[in-house]
Every structure is written in C-alpha cells, then in structure tokens.
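Trainee: I'd like a close look at one part of this model. Please keep it brisk, and give the cut-offs as you go.

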Amino acid sequence: MKRDMDLIRKIVLEVRNATGPVNVIEDVDTDTFAEHALLLQEAGLIEASIKVNQHRPVAVVIWRLTWAGHDFAQSIVDDTLWRKAKENVIKPMASWTFSILVDYLKGEISRRLTGQP
C-alpha cells in the first residue's frame, strides 16, 4: 500500500479535533485507515493501540497526538499551505521524505510570520 499524504492529513486533523479516541474515519476503509495509523505511529505523531496480525494492522484505536503530532497538525491545518506543499514537494518530486515535507511546511510558516511572500 502506498502512503497517501491526504489521508495522513485527514487522520491527523480528525484526531486533533476529536473529543475521544478515533478508530474510524468516514469514507475510509478499515484496512487503509489501519495501515496509515501504523505509519503515523511509526513516525511518532500519534499514540495508539494497534493490533497486528501477520505483519498487518487489523484493529486501531488512536488515543491522541504526540507533541510532534500537534506540531504537524498545526502546520497542515491551512488548506492553502497544504495545497502549496503538495504542489511544491509531494507531487513534483519523485523522491521526498517526511522530514523534507515538514521542513518545507516550517519554512512556509516562518515566511508567513515574518511577512515574506
């Protein structure tokens, strides 16, 4: 399964806004949700209970975002900034890493805070 950054964003923002545990996302099948939740846990963005069977996640309960998860959520909450990140990092680059995406988002936020175009 390929990593879907729009789904990663959707899950992170859903957890950020939730008033309790998250174990499902509307319009996302359970296997895809579970795989992406595992990726988020591996990245250190969420705390979750994930049951794995034969190396595949089969049940997920996301309890909360970590500090890094909240930082990431804050950097992706703005739709315009997210579209810009997708246009400049995710789509055009055949190879990019999560840390490159985070660095790009931090740079864009810094430019906005200092009034730079």
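Which residues in the largest nonpolar core touch the most other members?

Mentor: The model is predicted, so local features need pLDDT of at least 70 and side-chain atom pairs count only at pLDDT 80 or more, while totals for chains, interfaces and linings use all residues. Residues are numbered from 1 along each chain as its sequence is written, and side-chain values use heavy atoms, with hydrogens and water left out.

Now the core. Met-5, Ile-11, Val-12, Phe-33, Ile-62, Phe-72 and Leu-101 touch the most other members, out of 35 residues in this core. A nonpolar core here is a set of buried Ala, Val, Leu, Ile, Met, Phe, Trp, Tyr and Cys residues joined through side-chain atoms within 4.5 Å. Buried means under 20% relative accessible area; exposed means over 50%; partly exposed lies in between (1.4 Å probe, protein chains only). In soluble globular proteins, nonpolar side chains tend to be buried together.

Where does the core come from? Two or more residues each are given by α1, α2 (30–42), β1 (46–53), β2 (56–65), α3, α4 and α5. Helix α1 gives the largest share, seven residues. These elements are DSSP runs, numbered from the N terminus: helices are H or I with at least four residues, strands are E with at least two.

Leaving out residues up to four places away in sequence, Ile-11 touches Ile-25, Phe-33, His-36, Leu-40 and Ile-62. Contact means heavy atoms within 4.5 Å. Phe-33 and Ile-62 are also among the core residues that touch the most other members.

Next, Arg-9. Arg-9 sits in helix α1. Still, Arg-9 counts as buried, at 12% relative accessibility. Beyond four places in sequence, Arg-9 touches Ile-76, Val-77, Asp-78, Asp-79 and Trp-82. With Asp-79, the side chain of Arg-9 forms a salt bridge (2.7 Å, N to O). Arg-9 lies in α1 (residues 5–17) and Asp-79 in α4 (residues 79–90), so the pair ties together parts 70 residues apart in sequence. Asp-79 is partly exposed, at 42% relative accessibility. A salt bridge is a side-chain nitrogen of Lys or Arg within 4 Å of a carboxyl oxygen of Asp or Glu. That rule gives seven salt bridges.

Helix α4 takes part in another. Lys-84 and Glu-108 form a salt bridge, with the closest N and O atoms 2.8 Å apart. Glu-108 lies in α5 and Lys-84 in α4, so the pair joins parts 24 residues apart in sequence. Glu-108 is buried, at 8%; Lys-84 is partly exposed, at 32%. Glu-108 also forms a salt bridge with Arg-111, at 2.6 Å between the closest N and O atoms. Arg-111 and Glu-108 are three residues apart in α5, about one helical turn. Arg-111 is partly exposed, at 30%. Together, Lys-84, Glu-108 and Arg-111 make a network of salt bridges.

The largest pocket holds about 180 Å³. On a 1 Å grid over the protein atoms alone, a pocket is an open set of points where a 1.4 Å probe fits, with protein on both sides within 12 Å along at least five of seven lines; lining residues have an atom within 4 Å of a point. Points are joined across faces, edges and corners, and the volume is the space filled by probe spheres set on them. The lining includes Phe-72, which is also one of the core residues with the most contacts to other members. Helices α3 (67–76) and α5 (98–113) each supply at least two lining residues. Five come from α3, the largest share. The lining splits into six nonpolar, two polar and two charged residues.

Most residues other than glycine have a negative phi. Gln-54 has a positive phi of about 55°, and His-55 a positive phi of about 65°. Gln-54 is exposed, at 70% relative accessibility. His-55 is exposed too, at 78%.

Definitions and conventions:
Nonpolar A, V, L, I, M, F, W, Y, C, P; charged D, E, K, R; others polar.
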